[in-house]
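Please look over the sequence and the model shown below, and keep them at hand while you read. The briefing after them goes topic by topic.

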Amino acid sequence: MLRDVVGASVVDVWHRDAVLPAVDLVVLPGGFSYGDYLRTGALAACSPIMGAIKAHAERGGLVLGICNGFQILIESGLLPGALLRNTSLRFICRPVGVRVERSDTPFTSRYAVGQVLTLPIAHADGSYWADPGTLRRLQDDARIVFRYVATEGGAANPNGSLDAIAGICSERRNILGLMPHPERASEPELGSRDGLPLFLSAVDSLCGAR
Amino acid sequence: MASSGELDHPPIDAALAARHGLTPEEYATCCDRLGRQPTLVELGIVSVMWSEHCSYKSSRVHLKRLPTTGPQVLQGPGENAGAVDIGDGLAAVFKIESHNHPSFIEPYQGAATGVGGILRDIFTMGARPVALLDSLRFGSLEDADNRYLFERVVAGIAGYGNCIGVPTVGGEVAFHELYRFNPLVNVFCLGIAAKDRLFRGEASGVGNPVMYVGAKTGRDGIHGATMASEEFGEGSAAKRPMVQVGDPFTEKLLLEACLELMSQDLIVGIQDMGAAGLTSSSCEMAGRGGTGIEIDVRRVPTRETGMTPYEIMLSESQERMLLVAKPGCERAVADIFAKWELEAAVIGRVTDTGRIAVVEGDKTVADLPIAILTDGAPKYERPLAPPAFQELLQNLSVDALPMPSSSNAVLLALLASPTISSKAWVYDQYDHMVGTNTMVVPGSDAAVIRIKGTSTALAMSVDGNSRYCMLNPYVGGMIAVAEACRNVVCSGARPLGATDCLNFGNPERPEVMWQFALVIDGISDACRAFGVPVVSGNVSFYNETKGLGIYPTPVVGVVGKASVRHVISQAFQAPGHAVIILGETKEELGGTEYVARWHHRELGLPPELDLEAETRLYACCLEVMAAGLVQSAHDCSDGGLAVAIAESCISGRSRIGVRVEVANPRGLRPDAVLFGESQSRVVLSVRPDAVKAVLAVADRIGVPAAWVGETGGDRLLMSIAGETMIDLALGEAANAWRDAVPSLLKGTSCASS
């Protein structure tokens, strides 16, 4: 999608490599790394490549984790908190309402604060949780980037996330993790283009255009 | 020949053979063909290869009648899956398969490994799986045991399909008391391959190495195929260890490893180890190649110690493949599997003996002619006879059915019928969008996926109405094909090929075989008329428990090709669109969901199907869709016109009301107009300025068409000959439809463990 729709130059990186090629943005996509065995994202967080990704992030490089990618970022300590089993205890795949809370991140500059997107979710373990201190820091530092909201016929907070959190960023705002799938809502043929500005924002930020 | 050397088994005789599922006659035939008694390993091999599940011994004489050829067919039945040409140098590879018996015993793993098995059938052919569908049947959700089976089967499908990353894009679920002890789990998979890179399960090239790849072999699933060839009685829960255990992450690795392997020039044939594991894969590969095969069980990777040759040959451990490598390529094959952290071992070689030889080190434990296991397996022309009560069943006195006092109440009851109601509770648990190809998500007539890099989209649907088949197996068989094709057509796609899963009771009963033979005739005639050959399929007999069988339940899957620019779904798209009904409404109430739910009768003759009228309907729909004239299309099936129109109102992202006025020149019963299930009908919505053009096309092709109303508002209004019959708030209709399944499940936990 980054290649075909956004027109970015994309390289695949093997999980057992220890060195990252020269890239501007690292995307940890959705999927079931290691079959979600043990705990979602826990095994992939130990992959050899994760050391290089952490170094890339420390240098201020952009990192985007979607769904299982968000789970891996949490398990590897790049983002705080935990992603628990959905309160329904079931996998949920459906479009949900997601409100943009911050436009001052490299991934959301093309959105307006308060804009409500329709993005699909597809996960069994997406209920965000953090201890009260962490939650307060996330709120105080304006790091809650996306929240679930009710839409016509759709309940708010489908998975029972704390404070309806759907996505958060790192302190320096260069790492974003979110459970909804913007890449599944970036083409008219798939019914929605609400997710595309996220990727275009990242391109803007990398190209220095605002 | 030496005995297998195992002293802890009873003597090999007809009694032991009977415990392996062989009849005394079959055991005698076996001894006769061998000229001696089989060894224990041989008895195990013969019994699974001669099981109904592997040999199709009751169905083969009938399956021959199915049309299987056509210019688009790249691979017909007999391989791991069928394939049709979809242009751009690509093939659509697809098949449907049942996993009924294991899913009754252990619903989560039974359903999960059903998904795993059909996925392997597809990628064995060199195709990347891109879509799954499921056709499910359960008993009433008012019963806790059925809720348990339903919830766990859905969880099993979700657990496997979601994890491996192949979207489950649609399917169907129906409920009837007769599936209480025999739930049906039929899984369909579609894959895409380069049409000149299709792989086949053939062992050729004498001396070529036979390699085992994938997961290690354990003791799970031994005699699963035999179990699937028997009725259930008391104590079926004790068969739970026969059900295999799935590991979707290993299958994901196997999928990627196999596709990487197939992108290079390293193998001559490959076959998945499904039912009857190593035994059937090796016999079938050698059978197709006209060769022989020798296997050393000591070289088979095992995950348990002390496994006997018998256990290794009969294990149905999942996520395994057998392949024949090109000479000298063993190392390259092994390297690919090592990259994906999977086992790969040379376990034997292709021979020219026409025999399967199983050795354990230097000791031969089985040595059988392949021919008696494959084409030479028993073949039965079983007796056929209609059930004694067939004429009584077909006798429905319509005049004795009182007209319902409120059509609103009937419509609400039908929308809340679990068979008709929204299945969002089910498909919300399936990742139906992974891969970013799903253009029409579950809940419409057919699911549609696009093929990236082309302008092609593929529509697919699985359908079957078992009540129709019980009342008239021939017509029921035809309608199964017609409905699947119609669903595909309603999505904007031209049907290209079919696959069938034939679920029946005990074939040793003449009335079951009578139903089976007629269903095959119905499917055959419809497929021929529509130019849609059957390229793959599966038969599941013995869906009986304690002597009670299911309705005859053929499930037909159809795949069609559309342009991505003309993909249509069933939901009304906007207010102010005109509503057109294509096709003719007759007074047909026999076998309908309405008569079953409202009048509690499952009687009468199912609706007629005129194959020529149906063919014209397809032509008409496809022409107006290709001209860009259509906004939505929905076929009339269970619940008739009223349910179809209601679903078009409430199944989209936003609800849209409608006002429909139907003429009734022949004075049909109003309930037949609203809820009758006449075939060959489609509800279209079109822009007002397209009405004339659509009616003109219908007229030219010879399809009855009527402009009956307009979308808009927040009510569902239907009148017949000027009299208002249905007047419902959309919210009320939507709630009945949406909440039916969740409310039946509410407050329940798993009934048994």
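B:His600 is found in the loop that lies between helix H21 (593–598) and helix H22 (611–626) of chain B, where helices (H or I, at least four residues) and strands (E, at least two) are DSSP runs numbered from the N terminus. This is a predicted model, in which local features need pLDDT of at least 70 and side-chain atom pairs count only at pLDDT 80 or more, while totals for chains, interfaces and linings use all residues. Residues are numbered from 1 along each chain as its sequence is written, and chains are lettered from A and ligands numbered from 1 in the order in which they are written.

**Positive phi in loops**

- B:His600 has a positive phi of about 55 degrees although it is not a glycine, and B:His600 is exposed, with 7 other C-beta atoms within 10 Å.
- A residue counts as buried if 20 or more other C-beta atoms, placed from the backbone, lie within 10 Å of its own, as exposed if 12 or fewer do, and as partly exposed in between.
- A:Asp163, in the loop between strand E7 (144–149) and strand E8 (165–169) of chain A, has a phi near 55 degrees, a positive value in a residue other than glycine.
- A:Asp163 is partly exposed, because 15 other C-beta atoms lie within 10 Å.

**A sheet in chain B**

- Seven strands of chain B form an open sheet of mixed pairing, in the order E23-E25-E22-E26-E24-E27-E28, where two strands pair if DSSP finds at least two bridges between them.
- The edge strands, each pairing on one side only, are strand E23 (630–635) and strand E28 (723–729) of chain B.
- Strand E27 (residues 715–720) of chain B and E28(B) pair in the antiparallel sense over six bridges, and B:Ile720 stands opposite B:Glu723 in E28(B).

**The largest nonpolar core**

- A nonpolar core is a set of buried Ala, Val, Leu, Ile, Met, Phe, Trp, Tyr and Cys residues joined through C-beta atoms within 7 Å.
- The largest such core has 300 residues, of which B:Ala92, B:Val448, B:Leu458, B:Met460 and B:Val481 touch the most other members.
- Helix H19 (residues 473–490) of chain B gives this core its largest share, twelve residues.

**Where the chains meet**

- The contact takes 19 residues from chain A and 18 residues from chain B, with two residues in contact if their C-beta atoms, placed from the backbone, lie within 7 Å.
- Strand E4 (92–100) and strand E5 (116–123) of chain A each supply at least two residues of the side of chain A that touches chain B, and the largest share of that side, three residues, comes from E4(A).
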